[in-house]
Amino acid sequence: PGINKDTLKVHQWQTDCLWTGCAFPSCSPLSAFVCVCVCVLLLLLLAMSSSVFDHVPLAPADPILGLNQAFRSDESPSKVNLGVGAYRTEEGQPWVLPTVRKAEELVEQEHVNHEYLPIEGLAEFREHTMKLILGDDSVAIVEKRAVACQSLSGTGALRVCAGMLHNFFADSHVYVSDPTWSNHYNIFEHAGFVVDKYRYWDGKIRGLDLEGMLQDLQDAPDKSIVVLHACAHNP
(Lines give C-alpha, C1' and ligand atoms only; values in the text may rest on other atoms or scores of the structure.)
Protein backbone atom coordinates (compact mmCIF):
# COMPACT_ATOMS: atom_id res chain seq x y z
CA PRO A 1 0.00 0.00 0.00
CA GLY A 2 1.25 3.45 -0.93
CA ILE A 3 3.91 2.06 -3.37
CA ASN A 4 3.16 2.24 -7.08
CA LYS A 5 4.28 -0.22 -9.75
CA ASP A 6 7.07 2.06 -11.05
CA THR A 7 8.64 2.17 -7.60
CA LEU A 8 8.54 -1.62 -7.36
CA LYS A 9 10.23 -1.89 -10.76
CA VAL A 10 13.06 0.38 -9.62
CA HIS A 11 13.63 -1.66 -6.47
CA GLN A 12 13.56 -4.89 -8.46
CA TRP A 13 16.13 -3.46 -10.91
CA GLN A 14 18.43 -2.45 -8.02
CA THR A 15 18.13 -5.93 -6.47
CA ASP A 16 18.89 -7.68 -9.76
CA CYS A 17 21.89 -5.48 -10.46
CA LEU A 18 23.33 -5.90 -6.98
CA TRP A 19 22.84 -9.66 -7.10
CA THR A 20 24.47 -10.12 -10.48
CA GLY A 21 27.21 -7.57 -9.99
CA CYS A 22 25.99 -5.62 -13.03
CA ALA A 23 26.04 -1.83 -13.03
CA PHE A 24 24.06 -1.14 -16.19
CA PRO A 25 20.61 0.44 -16.02
CA SER A 26 19.41 -1.77 -18.90
CA CYS A 27 19.86 -4.91 -16.81
CA SER A 28 17.27 -7.33 -18.22
CA PRO A 29 16.73 -10.92 -16.97
CA LEU A 30 18.59 -12.25 -20.02
CA SER A 31 21.60 -9.98 -19.46
CA ALA A 32 21.59 -10.91 -15.76
CA PHE A 33 21.69 -14.60 -16.70
CA VAL A 34 24.55 -14.01 -19.14
CA CYS A 35 26.42 -12.00 -16.50
CA VAL A 36 26.13 -14.85 -14.00
CA CYS A 37 27.29 -17.41 -16.58
CA VAL A 38 30.33 -15.30 -17.43
CA CYS A 39 31.23 -14.94 -13.75
CA VAL A 40 30.93 -18.70 -13.20
CA LEU A 41 33.05 -19.41 -16.28
CA LEU A 42 35.74 -16.99 -15.10
CA LEU A 43 35.81 -18.63 -11.68
CA LEU A 44 36.17 -22.07 -13.26
CA LEU A 45 38.99 -20.90 -15.51
CA LEU A 46 40.72 -19.30 -12.53
CA ALA A 47 40.44 -22.51 -10.51
CA MET A 48 41.81 -24.58 -13.40
CA SER A 49 44.72 -22.26 -14.13
CA SER A 50 48.16 -23.14 -12.82
CA SER A 51 49.62 -21.29 -9.87
CA VAL A 52 52.92 -19.42 -9.97
CA PHE A 53 53.82 -21.52 -6.91
CA ASP A 54 53.30 -24.90 -8.60
CA HIS A 55 57.06 -25.44 -8.83
CA VAL A 56 57.53 -24.98 -5.06
CA PRO A 57 57.86 -28.41 -3.38
CA LEU A 58 55.91 -29.23 -0.25
CA ALA A 59 58.15 -29.07 2.82
CA PRO A 60 58.44 -32.33 4.78
CA ALA A 61 56.48 -32.55 8.01
CA ASP A 62 58.38 -31.73 11.19
CA PRO A 63 58.97 -35.06 12.99
CA ILE A 64 58.57 -33.52 16.45
CA LEU A 65 55.54 -31.37 15.75
CA GLY A 66 54.05 -34.35 13.92
CA LEU A 67 53.87 -36.17 17.25
CA ASN A 68 51.14 -33.76 18.34
CA GLN A 69 48.92 -34.90 15.48
CA ALA A 70 49.65 -38.54 16.27
CA PHE A 71 48.79 -37.88 19.91
CA ARG A 72 45.45 -36.29 19.07
CA SER A 73 44.58 -39.19 16.76
CA ASP A 74 45.44 -41.85 19.35
CA GLU A 75 42.33 -43.12 21.16
CA SER A 76 44.20 -44.75 24.03
CA PRO A 77 42.96 -43.48 27.43
CA SER A 78 46.46 -43.78 28.91
CA LYS A 79 48.34 -41.89 26.19
CA VAL A 80 51.09 -39.42 27.15
CA ASN A 81 52.24 -36.56 24.93
CA LEU A 82 56.04 -36.61 24.64
CA GLY A 83 56.14 -34.12 21.77
CA VAL A 84 56.79 -30.41 22.20
CA GLY A 85 57.78 -29.66 25.79
CA ALA A 86 55.10 -27.64 27.57
CA TYR A 87 53.36 -27.59 30.92
CA ARG A 88 50.05 -29.46 30.76
CA THR A 89 47.02 -29.95 32.96
CA GLU A 90 45.70 -33.38 33.93
CA GLU A 91 43.35 -33.01 30.97
CA GLY A 92 46.28 -32.44 28.61
CA GLN A 93 45.54 -28.77 28.06
CA PRO A 94 48.26 -26.06 28.21
CA TRP A 95 48.83 -24.82 31.76
CA VAL A 96 49.81 -21.17 31.97
CA LEU A 97 52.19 -20.46 34.83
CA PRO A 98 50.76 -18.16 37.53
CA THR A 99 53.78 -15.91 37.08
CA VAL A 100 52.84 -15.48 33.42
CA ARG A 101 49.27 -14.59 34.35
CA LYS A 102 50.60 -12.06 36.87
CA ALA A 103 52.88 -10.53 34.25
CA GLU A 104 49.93 -10.21 31.87
CA GLU A 105 47.97 -8.39 34.58
CA LEU A 106 50.83 -5.98 35.23
CA VAL A 107 51.20 -5.19 31.53
CA GLU A 108 47.45 -4.62 31.26
CA GLN A 109 47.52 -2.24 34.23
CA GLU A 110 50.24 -0.12 32.63
CA HIS A 111 47.96 0.74 29.70
CA VAL A 112 50.85 0.81 27.24
CA ASN A 113 50.23 2.85 24.10
CA HIS A 114 51.76 0.33 21.66
CA GLU A 115 54.19 2.85 20.24
CA TYR A 116 56.70 1.51 17.71
CA LEU A 117 59.85 0.20 19.38
CA PRO A 118 63.41 0.93 18.24
CA ILE A 119 64.68 -1.43 15.56
CA GLU A 120 66.65 -3.47 18.13
CA GLY A 121 63.67 -3.73 20.50
CA LEU A 122 62.76 -2.50 23.98
CA ALA A 123 65.93 -1.44 25.80
CA GLU A 124 64.77 -2.54 29.27
CA PHE A 125 63.66 -5.92 27.97
CA ARG A 126 67.01 -6.55 26.25
CA GLU A 127 68.98 -5.45 29.31
CA HIS A 128 67.12 -7.73 31.73
CA THR A 129 67.16 -10.61 29.26
CA MET A 130 70.95 -10.56 29.08
CA LYS A 131 71.18 -10.45 32.88
CA LEU A 132 68.74 -13.33 33.19
CA ILE A 133 70.78 -15.49 30.80
CA LEU A 134 74.33 -14.48 31.74
CA GLY A 135 73.88 -13.26 35.32
CA ASP A 136 73.78 -9.82 36.95
CA ASP A 137 77.57 -9.79 37.42
CA SER A 138 78.43 -11.21 33.99
CA VAL A 139 81.88 -10.20 32.82
CA ALA A 140 80.64 -10.24 29.22
CA ILE A 141 77.99 -7.64 30.09
CA VAL A 142 80.40 -5.49 32.10
CA GLU A 143 82.92 -5.53 29.25
CA LYS A 144 80.13 -4.82 26.76
CA ARG A 145 80.77 -8.03 24.83
CA ALA A 146 77.16 -9.19 25.09
CA VAL A 147 74.45 -7.77 22.86
CA ALA A 148 70.75 -8.50 22.44
CA CYS A 149 68.12 -7.86 19.81
CA GLN A 150 64.40 -8.36 20.35
CA SER A 151 62.70 -10.57 17.78
CA LEU A 152 59.66 -12.71 17.15
CA SER A 153 60.07 -16.15 18.78
CA GLY A 154 63.12 -18.41 18.86
CA THR A 155 62.88 -19.23 15.17
CA GLY A 156 62.62 -15.55 14.31
CA ALA A 157 65.62 -14.79 16.50
CA LEU A 158 67.75 -17.40 14.73
CA ARG A 159 66.68 -16.16 11.29
CA VAL A 160 67.59 -12.55 12.11
CA CYS A 161 70.87 -13.69 13.64
CA ALA A 162 71.72 -15.94 10.69
CA GLY A 163 71.15 -13.17 8.17
CA MET A 164 73.25 -10.68 10.10
CA LEU A 165 76.11 -13.12 10.73
CA HIS A 166 76.28 -14.22 7.09
CA ASN A 167 76.74 -10.60 6.02
CA PHE A 168 79.98 -10.40 8.00
CA PHE A 169 81.13 -14.03 8.51
CA ALA A 170 80.05 -15.76 5.33
CA ASP A 171 82.98 -18.22 5.44
CA SER A 172 82.31 -19.39 8.98
CA HIS A 173 80.78 -22.75 9.83
CA VAL A 174 77.73 -23.03 12.05
CA TYR A 175 77.66 -25.73 14.72
CA VAL A 176 74.38 -27.03 16.14
CA SER A 177 73.85 -29.69 18.77
CA ASP A 178 73.22 -33.32 17.91
CA PRO A 179 70.24 -33.54 18.08
CA THR A 180 68.59 -30.19 17.55
CA TRP A 181 65.35 -28.94 16.03
CA SER A 182 65.19 -29.76 12.32
CA ASN A 183 64.41 -26.18 11.30
CA HIS A 184 67.76 -25.02 12.73
CA TYR A 185 69.52 -26.63 9.77
CA ASN A 186 67.14 -24.97 7.32
CA ILE A 187 67.51 -21.53 8.88
CA PHE A 188 71.29 -21.39 8.66
CA GLU A 189 71.59 -23.26 5.35
CA HIS A 190 69.09 -20.89 3.72
CA ALA A 191 71.21 -18.01 5.01
CA GLY A 192 74.17 -19.51 3.12
CA PHE A 193 76.09 -21.30 5.88
CA VAL A 194 77.58 -24.78 6.05
CA VAL A 195 76.08 -26.43 9.12
CA ASP A 196 77.98 -28.98 11.23
CA LYS A 197 77.11 -30.79 14.45
CA TYR A 198 78.73 -31.03 17.86
CA ARG A 199 78.15 -33.88 20.30
CA TYR A 200 75.43 -33.09 22.80
CA TRP A 201 73.27 -36.05 23.82
CA ASP A 202 74.68 -39.28 25.24
CA GLY A 203 72.14 -42.05 24.83
CA LYS A 204 74.02 -44.38 27.18
CA ILE A 205 73.80 -42.10 30.19
CA ARG A 206 70.67 -40.33 28.91
CA GLY A 207 72.24 -36.96 29.53
CA LEU A 208 74.67 -34.36 28.26
CA ASP A 209 77.86 -35.60 26.61
CA LEU A 210 79.87 -32.78 28.18
CA GLU A 211 83.29 -34.18 27.31
CA GLY A 212 82.38 -34.81 23.67
CA MET A 213 80.70 -31.41 23.38
CA LEU A 214 83.71 -29.52 24.75
CA GLN A 215 86.10 -31.48 22.52
CA ASP A 216 84.08 -30.75 19.37
CA LEU A 217 83.89 -27.04 20.21
CA GLN A 218 87.63 -27.01 20.95
CA ASP A 219 88.32 -28.54 17.53
CA ALA A 220 86.04 -26.10 15.69
CA PRO A 221 87.83 -23.56 13.45
CA ASP A 222 88.29 -19.98 14.57
CA LYS A 223 85.27 -17.70 14.06
CA SER A 224 82.90 -20.65 14.13
CA ILE A 225 79.30 -19.89 15.07
CA VAL A 226 77.85 -22.09 17.81
CA VAL A 227 74.13 -22.45 18.55
CA LEU A 228 73.80 -23.32 22.25
CA HIS A 229 70.68 -24.54 24.00
CA ALA A 230 70.27 -22.31 27.03
CA CYS A 231 67.05 -23.82 28.41
CA ALA A 232 64.47 -26.50 27.57
CA HIS A 233 66.32 -27.58 24.43
CA ASN A 234 65.93 -24.12 22.95
CA PRO A 235 68.77 -21.82 21.81
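**Entry 1**

Where is the place of Pro179? I found Pro179 in the loop between strand 1 and helix 8. Helices (H or I, at least four residues) and strands (E, at least two) are DSSP runs, numbered from the N terminus. I then looked at the peptide bond from Asp178 to Pro179, and that bond is cis, with omega near 10 degrees. Most peptide bonds are trans.

**Entry 1: ground rules**

I noted that this is a predicted model, where local features need pLDDT of at least 70 and side-chain atom pairs count only at pLDDT 80 or more, while totals for chains, interfaces and linings use all residues. Residues are numbered from 1 along each chain as its sequence is written, and side-chain values use heavy atoms, with hydrogens and water left out.

**Entry 2: the overall plan**

I looked up the secondary structure and got nine helices and five strands for the protein chain. Read from the N terminus on, the elements run α-α-α-α-α-α-α-β-α-β-β-β-α-β.

Next I looked up burial. Buried means under 20% relative accessible area, exposed over 50%, and partly exposed in between (1.4 Å probe, protein chains only). Of the 235 residues in the protein chain, 17% are buried. The chain exposes about 19,000 Å², and carbon and sulfur atoms supply 62% of that area. Accessible areas come from the Shrake-Rupley method with a 1.4 Å probe; for residues, only the protein chains shown count as cover.

I also checked contacts (heavy atoms within 4.5 Å). Among the contacts in the protein chain with a separation of 6 or more, residues 24 or more positions apart account for 40%.

**Entry 3: the nonpolar cores**

A nonpolar core is a set of buried Ala, Val, Leu, Ile, Met, Phe, Trp, Tyr and Cys residues joined through side-chain atoms within 4.5 Å. In soluble globular proteins, nonpolar side chains tend to be buried together.

How many residues does the largest nonpolar core have? I counted 12 residues there, including Leu158, Leu165, Val176, Phe188, Phe193 and Ile225. Helix 7 (153-168), strand 1 (173-178) and helix 8 (182-190) are the elements that give two or more residues to this core. Helix 7 gives the most, with three residues.

I zoomed in on Leu165. Not counting residues up to four places away in sequence, Leu165 touches Ala170, Phe193 and Ile225. There is also a second, separate core of five residues, and Tyr175, Tyr198, Met213 and Ala220 are among them.

**Entry 4: a nonpolar patch outside**

I turned to the surface and found Phe33, Val34, Val38, Leu41, Leu42 and Leu45 in a nonpolar patch, with about 580 Å² of accessible area together. Patches are made of residues with over 30% relative accessible area and no salt bridge: like charges are joined within 9 Å, nonpolar side chains (Val, Leu, Ile, Met, Phe, Trp, Tyr) within 5 Å.

**Entry 5: salt bridges**

The structure holds five salt bridges. Each is a side-chain nitrogen of Lys or Arg within 4 Å of a carboxyl oxygen of Asp or Glu.

I looked at Asp216 and Arg199, whose side chains meet at 3.0 Å, N to O. Asp216 lies in helix 9 (residues 210-219) and Arg199 in strand 2 (residues 194-199), so this pair ties together parts that are 17 residues apart in sequence. Asp216 is buried at 18%, whereas Arg199 is partly exposed at 40%.

Lys131 and Glu127 form another bridge, with the closest N and O atoms 3.3 Å apart. They are four residues apart in helix 5 (residues 123-134), so about one helical turn separates them.

In the bridge between Glu120 and Arg126, the closest N and O atoms are 3.8 Å apart. Arg126 is buried at 16%, and Glu120 is partly exposed at 32%.

Most residues other than glycine have a negative phi. Lys144, not a glycine, has a positive phi of about 60 degrees. Lys144 sits in the loop between helix 6 (139-142) and helix 7 and is exposed at 73%. Arg206 also has a positive phi, of about 55 degrees; its place is in the loop between strand 3 (201-202) and strand 4 (207-208).

Last, I searched the whole structure for disulfides (pairs of cysteine sulfur atoms within 2.5 Å) and found zero. For Cys149, the nearest cysteine sulfur is that of Cys161, 9.2 Å away.
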